[in-house]
Amino acid sequence: MGRSSKDKRDVYYRRAKEEGWRARSAYKLLQINEDFDIFTGVSRVVDLCAAPGSWSQVLAKSLRGPPDSPTDAKIVAVDLQAMAPIHGVVQLQGDITKKSTAEGIISHFEGEQADLVVCDGAPDVTGLHDIDEYIQAQLLLAALNITTHVLKKGGTFVAKIFRGKDVTLLYSQLKIFFPDVSVFKPRSSRNSSIEAFVVCQGYKPPEGYVPNMSNPLLDQQYDLDLNSLEGPNRVIVPFLACGDLSGFDSDMTYPLQLEGASGYSYHPPTQAPINPPYKDACVLKKTDQLAKPSSSQQHQPSLSCEATEPQAADSSTQEATHQLDALTIQ
Ligand SMILES: C[S@@+](CC[C@H](N)C(=O)[O-])C[C@H]1O[C@@H](n2cnc3c(N)ncnc32)[C@H](O)[C@@H]1O
């Protein structure tokens, strides 16, 4: 694959590099904000599962402005992986399922709570769709649970979901904490992916609810009858496609020379992730030592991971391509 072929295939990937975003995911948060105005009046934000940091970049730019501008906006970014520094963003390396991570976040807000929590978390996909959906749901519930520790009443929670068959249960759980829950699909998120985002507004925990990280996954009975509820009992949340409809379509291939734009030149990735879990697989790929997919594996549809390369087949390759809209994999 030539250096420019992914640029051609994925206009958001290319624009991210041109505009200095660490990942193409930046456009998802920007498009969410275009429709839901989630940044207005916000001064304390938590970015869960933040590496390599494009959402943190968007938050820093939108809430803090240029590096030398006076601001009291605080952004705390958390990820299992280390991230290169971003001006104005406090970074914590930690697991969002751990109580110590919630405590670390709160300590950076000097005891105050956050106005907004965003989570773009994604586990390494296995390719087994039911398992991947289940694990993604668990990560969302972990994010929701940590959110109940750090979000102020009335605050907003935004998180990635997979719209699989059991998604109604997730909506029900979110509705317990937020009166307004919507699901949206940014234009920069590929149609071929079942990824979408929930935007949950007006945080209002049930009377007497005490946040408790001892069961971070809120997963007493995943398969209870909620998924088969019908009629007025069924939880229906509004679904919206967001982002400017005249904007780029993430499933289209565009010419490198766009109409009306200045000449194309190749840009290297803005910031490679530090020590990513797929590092070894990248080395194997470069030296052509990765197992090649069999023909039956080749045509599996991508579950969610926008970075998933079509040749991903074995677990190490999937690690290599796992989640980051990977600006680093050429
Ligand atoms: C799609 S990436 C996030 C991209 C990021 N929003 C950006 O714009 O650069 C998903 C991230 O979720 C993180 N993650 C997965 N499980 C996690 C956990 N339990 N705790 C913290 N981070 C986690 C991964 O390490 C990965 O960096």
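I started at glutamate 110, which sits in the loop between α5 and β4 (114-119). For the labels, helices (H or I, at least four residues) and strands (E, at least two) are DSSP runs numbered from the N terminus. Residues are counted from 1 along each chain as its sequence is written. This is a predicted model, where local features need pLDDT of at least 70 and side-chain atom pairs count only at pLDDT 80 or more, while totals for chains, interfaces and linings use all residues.

I looked up phi for glutamate 110 and found a positive value near 50°, in a residue other than glycine. Most residues other than glycine have a negative phi, and most peptide bonds are trans. Is glutamate 110 buried or exposed? Glutamate 110 is exposed, with 8 other C-beta atoms within 10 Å. My cut-offs: a residue is buried if 20 or more other C-beta atoms lie within 10 Å of its own, exposed if 12 or fewer, and partly exposed in between, with C-beta atoms placed from the backbone.

Cysteine 49 also has a positive phi, about 55°, although it is not a glycine. I found cysteine 49 in the loop between β1 and α4. Cysteine 49 is buried, with 23 other C-beta atoms within 10 Å.

In the loop between β1 (44-48) and α4 I also noted proline 52. The peptide bond joining alanine 51 and proline 52 is cis, with omega about 5°.

**Around the ligand**

Which residues come nearest to the ligand? Of the 24 residues around it, they are Ser25, Cys49, Ala51, Ser54 and Asp120. α4 (54-64) and β2 (74-79) are the elements that give two or more residues to this shell. A residue counts as near a molecule or strand if its C-beta atom, placed from the backbone, lies within 6 Å of it. By class, I have 13 nonpolar, seven polar and four charged residues in the shell. Here Ala, Val, Leu, Ile, Met, Phe, Trp, Tyr, Cys and Pro count as nonpolar, Asp, Glu, Lys and Arg as charged, and the others, Gly among them, as polar.

**Helix against helix**

I checked helix α3 (residues 26-36) against α4: their axes come within 8 Å and cross at roughly 45°. That makes α3 oblique to α4. The crossing is right-handed. Axes are lines fitted to C-alpha atoms, for helices over the stretch in contact, and angles run from 0 to 180 degrees between N-to-C directions. Angles under 35 degrees count as roughly parallel, over 145 as roughly antiparallel, 65 to 115 as roughly perpendicular and the rest as oblique. A crossing is left-handed if the near helix is turned anticlockwise from the far one by less than a right angle, and right-handed if clockwise.

Next, helix α5 (residues 99-108) and helix α6 (residues 129-150): their axes come within 10 Å and cross at roughly 40°. So α5 is oblique to α6, and this crossing is right-handed. Thr101, Ala102, Ile105 and Ile106 in α5 meet Ile146, His149 and Val150 in α6. Residues are in contact if their C-beta atoms, placed from the backbone, lie within 7 Å.

Then I followed α6 to helix α7 (residues 167-177), where the two pack at an angle of about 5° with axes 11 Å apart. That makes α6 roughly parallel to α7. α6 brings Ala137, Leu140, Leu141, Leu144 and Thr148 to this contact, and α7 brings Leu170, Gln173, Leu174 and Phe177. I get seven nonpolar, two polar and no charged residues there.

**Helix α2**

In helix α2 (residues 11-19) I found Val11, Tyr12, Tyr13, Arg14, Arg15 and Ala16 buried. What covers these buried residues includes α1 (5-9), α3 and α4. Glycine 20 follows α2, and its phi is positive, near 85°.

**Valine 89**

I placed valine 89 in strand β3 (residues 89-93). Valine 89 is buried, with 21 other C-beta atoms within 10 Å. What does it touch, not counting residues up to four places away in sequence? Valine 89 touches Ser56, Ala60, Ile75 and Ala77.

**Whole protein**

Last, I counted ten helices and eight strands in the protein. Buried residues make up 41% of its 330 residues. Among contacts between residues at least 6 apart in sequence, 74% join residues at least 24 apart.

Key:
Contact = placed C-beta atoms within 7 Å.
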